[in-house]
Amino acid sequence: MTLSQTINDLLRKLPAWLIYVATAAWVAWMFHLANTGRLGVEPINRLERAYGELGLQLMVAGLLVTPLRNLTGVNLLKFRRAIGVSAFFVILAHFMVWAVLDVHSLERVWTEIVKRPYVTIGMAGFILMIPLAVTSNNLSLRKLGAATWRKLHKLTYPIAVLGAVHYLWLVKGFQIEPLVYLAVILGLIFARMKWGRARAIA
């Protein structure tokens, strides 16, 4: 038995709902740390950034599923929906911390979205995530049909790019981390599109 087969046998025993539990527990724990003053002198800013980074990491993880299977044989497909939905709720938490705890005012939220390009880009990505979260269930898959559902969920690509650009534009000065996220996301999208075209030709 190969290593990938051994890993897949172990993964089959793990329920996908563990991702929801782990994500919710982490989000709650980080909020607790911020609420008790254990995230430094700017707890709201650090909490907001931590949620945003985890959301971006989950998007990368979702994009990685197909290339990982094609390159190594390790199959995480059963976890992809949970990863995507968890990414949405973490980004929702990121938005709520920004809107409620940082900006404080609905009027100012709109002003910030219009005034600051990095906020505009981040909000565009968040809005695009909503139809994906709403349709990430078997009922929607049946009603939309597999082909339409797959086309809709290709919004994952621009969403991930918008998230990376939002992060890149947000940070001050030259920082390598957001550039790495953007490069990885673009590489994964290219790989997925390349394999998709190869399947279509075959």
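Biologist: On what basis are residues numbered, and which pLDDT do local features need?

Modeller: Residues are numbered from 1 along each chain as its sequence is written, and side-chain values use heavy atoms, with hydrogens and water left out. The model is predicted, totals for chains, interfaces and linings use all residues, side-chain atom pairs count only at pLDDT 80 or more, and local features need pLDDT of at least 70.

Biologist: With which side chain does the side chain of E53 make a polar contact?

Modeller: E53 lies in helix α3, residues 43-72; helices are DSSP runs of H or I of at least four residues, numbered from the N terminus. At 18% relative accessibility E53 counts as buried, since buried means under 20% relative accessible area, exposed over 50% and partly exposed in between, with a 1.4 Å probe and protein chains only. Leaving out residues up to four places away in sequence, E53 touches Y167, E177 and Y181, where contact means heavy atoms within 4.5 Å. A polar contact is a pair of N or O atoms within 3.5 Å, within protein one able to donate a hydrogen and the other to accept it, with residues adjacent in sequence counting only if both atoms are side-chain atoms; for the side chain of E53, at 2.6 Å, the partner is the side chain of Y167.

Biologist: Is α3 roughly parallel or antiparallel to α4?

Modeller: Two packed helices are described by the angle between their axes and the distance between the axes. The axes of α3 and α4 come within 8 Å and cross at roughly 160°, the axes being lines fitted to C-alpha atoms over the stretch in contact, with angles from 0 to 180 degrees between N-to-C directions. Angles under 35 degrees count as roughly parallel, over 145 as roughly antiparallel, 65 to 115 as roughly perpendicular and the rest as oblique. The crossing of α3 and α4 therefore makes the pair roughly antiparallel.

Biologist: Which residues of α5 are exposed on the face turned away from its buried side?

Modeller: In helix α5, residues 106-115, V109, E112 and I113 are buried. These three cover an arc of only 100° around the axis, so they lie on the same side of α5; the arc is that of the directions from the helix axis to the C-beta atoms. The cover over the buried residues of α5 includes α4 (80-103) and α6 (117-134). The face turned away from the buried side carries the exposed residues E107, W110, V114 and K115.

Biologist: What is the phi of H104, in the loop between α4 and α5?

Modeller: H104 lies in the loop between α4 and α5 and is exposed, with a relative accessible area of 61%. Its phi is positive in a residue other than glycine, with a value near 75°.

Biologist: How far is the backbone oxygen of L132 from a polar atom of the side chain of S136?

Modeller: S136 lies in the loop between α6 and α7 (138-144), and at 17% relative accessibility S136 counts as buried. Beyond residues up to four places away in sequence, S136 touches R81, V85 and H153. The distance from the backbone oxygen of L132 to a polar atom of the S136 side chain is 2.5 Å.

Biologist: How far apart in space are R69 and S4, C-alpha to C-alpha?

Modeller: R69 is found in helix α3 and is partly exposed, with a relative accessible area of 31%. R69 and S4 are 65 residues apart in sequence, and their C-alpha to C-alpha distance is 9.2 Å.

Conventions. Helices (H or I, at least four residues) and strands (E, at least two) are DSSP runs, numbered from the N terminus.
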